[in-house]
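Hello,

Here is the structure we talked about. My notes follow below it.

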Amino acid sequence: MAQDFADRVAALAVRYPDNLALQAFDPGWYASLTPALRARLRKCMNSGLENPDSQMGCYACQPSDYDDLRPFFARVISRYHRVSEEARHVSDWRLSGVEGLPEDGVLDLARFGLPPLSMRVRVGRNLADLPLPGAMSRADRLRLEARMAAVFDRLIARPDFGGAYHSLTPGHARQIDAAAYRRLVDAHIMFRPMDGDRYLEAAGIAAHWPHGRGCYVSADRAFIIWVGEEDHLRIMAMQRGTVLNDVFDRLRAALDLIEGLAGLRFAWSDDYGAVTSCPTNLGTGMRASLHLPLPRLTRGGTDTRVREIARPLGLSVRGIGGEHTPVGADGTVDISPSARLCITEAGILAALYKGAGRLIEAERAA
Ligand code: ADP
Ligand code: MG
């Protein structure tokens, strides 16, 4: 039994050298595990086995998986994030210590001659006392949504938040119809349908779609919490402007507030910081992005040139609708620092600011 699985992994590992989970698997260690731990590892690896073209090839399914299956996860994390297997993540939102920033600490893109742009900072967070999305039952998903609805009621009652919760759960008191959902997706507020995504399906993360899924949107539509996507929660601030601190500070303040609300305890790892489903997001769980128009560098609708310039700056390039979507019609791309782990939150924001400056310089020179 242990041998069958190990043989399957070994055979795929030869054919898919870029699948980190397949490469990190150690048959001797696997054989030494209890049957229960072996089953947990198999579950974490299922997405990458069914989709061997995956880069990461695994998702955590329990908040304690990173600790309980550490020899495996330490290896994939170390290879993906290019940190040592002993690395410890440290969180820090203070911009003051970060090098190369304006003295007043205001990260204003207008300094680069940029007009107001859509800025977004999100973090992934998971509750400590529920399975991660890959292992949730339908009842778990509804429980998560119900618990969050109580938190949202408290936000909605506050003058500085207000807004509403929109549920996708059939029959939910706050269920929205298909057209309203579409409008929220088109406005970049709500996540896209998860069913049909072969990676998320094989991981168990898309299961029971659309039950237990929804999003809270503040009255000014600039503070948003997703429920039931790849992590229990994706918490974000998003608005048009040039001062990156506006979204960063708003997210920080809201996170502090939410964490203080009764009954919510996020999953943390001593070594890896915020626990997220996908090991790529561990640490800060943060992606800070900008919708940046680069019409010259994306001439012909391709982002190849932008990627070449962005990569050494530590920036990822996505399409206008997010990951796996094309460049916008006007040449707008989504840029964000790639690092999440063993970088501070402040470091991520600084990397976005400096990277945007370099990219716009390259655009003008093109
Ligand atoms: P993430 O994984 O960080 O949530 P995705 O790539 O999955 O990001 O995109 C999710 C949604 O967020 C998409 O609709 C995408 O267009 C939107 N989005 C991301 N960054 C921005 C931004 N700076 N401005 C507006 N929308 C954004
Ligand atoms: Mg995403």
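Phe73 counts as buried because its relative accessibility is 0% (buried means under 20% relative accessible area, with a 1.4 Å probe and protein chains only). Phe72 is also buried, at 1%.

Some ground rules. This is a predicted model, where local features need pLDDT of at least 70, side-chain atom pairs count only at pLDDT 80 or more, and totals for chains, interfaces and linings use all residues. Residues are numbered from 1 along each chain as written, chains are lettered from A and ligands numbered from 1 in the order written, and side-chain values use heavy atoms, without hydrogens and water.

Aromatic rings
The structure holds 14 aromatic pairs (rings of Phe, Tyr and Trp, the last by its six-membered ring, with centres within 6.5 Å). Phe72 and Phe73 form an edge-to-face pair, because their centres are 5.1 Å apart and their planes at 75 degrees (edge-to-face means over 60 degrees). Ring pairs also join Phe152, Phe161, Tyr165, Tyr216 and Phe223 into a cluster.

Ligand 1
The shell has 18 residues (a heavy atom within 4 Å of the ligand). Ser118, Arg122, His188, Ser289 and Arg318 are the closest.
- Ser118: a polar side-chain atom is 2.6 Å from a ligand nitrogen.
- Arg120: a side-chain N or O atom is 3.0 Å from a ligand oxygen.
- Arg234: a side-chain N or O atom is 3.4 Å from a ligand oxygen.

Best wishes

How values were computed
A polar contact is a pair of N or O atoms within 3.5 Å; within protein, one must be able to donate a hydrogen and the other to accept it, and residues adjacent in sequence count only if both atoms are side-chain atoms. Rings of Phe, Tyr and Trp (its six-membered ring) pair if their centres lie within 6.5 Å; planes under 30 degrees apart count as stacked, over 60 as edge-to-face and the rest as tilted. Buried means under 20% relative accessible area, exposed over 50%, partly exposed in between (1.4 Å probe, protein chains only).
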